[in-house]
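Here is a short briefing for a first look at this model. Please view the sequence and the 3D structure before reading on.

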Amino acid sequence: QSCLCLAWSPPSCRRPEQQQVAAGYSDGTLRVFSVTRIAMELKMHPHRAALTALAYSADGQTILSGDKDGLVAVSRPCTGMTFHVLSDHQGALISTIQSTSKEYGDFGSEGADLWLAASSDQRAASSDQRISIWAADWPRGCCELVDWLSSPSPTLTEAPSHPPPCLVAFCPWDRALLVCAGLSMHPELVFYNLHQKQVVERIPLPFFAVSLSLSPGAHLVAVGFAERVLRLVDCQSGATRDLAGHDDVVQLCRFAPSAQLLFSVAHGDILVWEVMGHRASERALSSGPPPD
């Protein structure tokens, strides 16, 4: 079996020596490892299909896992038990799961967790992209749907059997916003307000996105493309900068928690970019070899 997805436990919920990483495998198993002991602490089998996305809850006591058949399982690593399974995305591969905290009673729901799942249904008869947003009170075992977004998958003449993925993330600088790519028929970033339940901004892109990351510091979004380009977008000024140097599809991009580094992955290469300031200017980024 192969490891297909990873998730780190929230650092604020545990002492450094208790840091964990959860890994999802192609055989449907979920394994939890101790980072300091470099040892497996738990193995569960919440899925029959391959796991494709993972996330810890905001308090680190719950793990959400999604598989290629569209099922989302909710498990407690302290007991090794799966206590909830959601089938709303059934038939569509889960591409993203993310969890964040919310105020009690926000969005008209109890609990302190807000989480989302994004999926792509690539069957010829019903190709579409789906995003569901949920409010949860995991200690009580409660989970309530807050919103549901869907759109037909874009039709690509170059690779009709591989539509772009549905990418979505909670906005770090405005918790009421979702930032989405792949949720429209055109290449663009879509900003969706969960309170207003409508799109409040669109930023055009040159190509359909294959990877997405939002800076936890400045109002910056990094977008990777199959065309071997990484674009940095300043959401305040609208300025953009395209970063070359990739020899293949920019399949992954991630801001570091410090917001001062940006990592991009193209095939077997990892590029490290230094982010300086809050704008996408010529001096905002510099590339360099990965740190030792």
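A charge sits over a ring if NZ of Lys or CZ of Arg is within 6 Å of the ring centre and within 35 degrees of the ring normal. The charged end of R31 meets this rule over the ring of Y25, 4.3 Å from its centre. The model is predicted: local features need pLDDT of at least 70, side-chain atom pairs count only at pLDDT 80 or more, and totals for chains, interfaces and linings use all residues. Residues are numbered from 1 along each chain as its sequence is written, and side-chain values use heavy atoms, with hydrogens and water left out.

**Aromatic rings**

- Four aromatic pairs turn up in a search of the whole structure.
- Rings of Phe, Tyr and Trp (its six-membered ring) pair if their centres lie within 6.5 Å; planes under 30 degrees apart count as stacked, over 60 as edge-to-face and the rest as tilted.
- W115 and W138 make a tilted pair, with 6.4 Å from centre to centre and 35° between the planes.
- This pair links distant parts of the chain, 23 residues apart: W115 is in strand β10 (residues 113–121), and W138 is in the loop between β11 (128–137) and β12 (142–152).
- Strands (E, at least two residues) are DSSP runs, numbered from the N terminus.
- W115 is buried at a relative accessible area of 1%, and W138 is buried at 2%.
- Here buried means under 20% relative accessible area, exposed over 50%, and partly exposed in between (1.4 Å probe, protein chains only).
- F207 and F225 form an edge-to-face pair, because their ring centres are 5.6 Å apart and their planes stand at 70°.
- F207 lies in the loop between β16 (198–204) and β17 (209–214) and F225 lies in strand β18 (residues 220–225), so this pair ties together parts 18 residues apart in sequence.
- F207 is partly exposed, with a relative accessible area of 31%, whereas F225 is buried at 0%.
- Ring pairs also join F83, W115, W134 and W138 into a cluster.
- The ring of F83 has a charge over it: the charged end of R76 sits 3.9 Å from the ring centre.

**Sheet β5 to β8**

- An open sheet of four strands runs in the order β5-β6-β7-β8, with antiparallel pairing.
- Two strands pair if DSSP finds at least two bridges between them.
- β5 (51–56) and β8 (81–86) are the edge strands, and each pairs on one side only.
- From one strand to the next, the twist averages 25°.
- Axes are lines fitted to C-alpha atoms, and angles run from 0 to 180 degrees between N-to-C directions.
- Five bridges join strand β7 (residues 72–76) to β8 in the antiparallel sense.
- S75 has T82 in β8 as its bridge partner.

**Sheet β13 to β16**

- Another open sheet of four strands has the order β13-β14-β15-β16, and its pairing is antiparallel.
- Its edge strands are β13 (167–170) and β16, each pairing on one side only.
- Neighbouring strands here are turned by 20° against each other on average, direction ignored.
- β13 and strand β14 (residues 177–181) run antiparallel and share four bridges.
- The bridge partner of L167 is A181 in β14.

**Nonpolar core**

- A nonpolar core is a set of buried Ala, Val, Leu, Ile, Met, Phe, Trp, Tyr and Cys residues joined through side-chain atoms within 4.5 Å.
- The largest such core has 19 residues, and L189, F191, L212, L214, V221 and V223 have the most contacts inside it.
- β13, β14, β15 (188–193), β17 and β18 each supply at least two residues of this core.
- The core draws at least three residues from each of domain 1 (3–204) and domain 2 (213–291).
- Those domain bounds come from an automatic or database domain assignment.

- Strands β21 (residues 250–255) and β22 (residues 261–266) pair antiparallel over five bridges.
- R254 has F263 in β22 as its bridge partner.
- Five residues lie between the strands of this β21 and β22 hairpin, where A259 takes a positive phi near 70°.
- β22 also pairs antiparallel with strand β23 (residues 269–275), over six bridges.
- F263 stands opposite V272 in β23.
- Two residues lie between the strands of the β22 and β23 hairpin, where H267 takes a positive phi near 55°.
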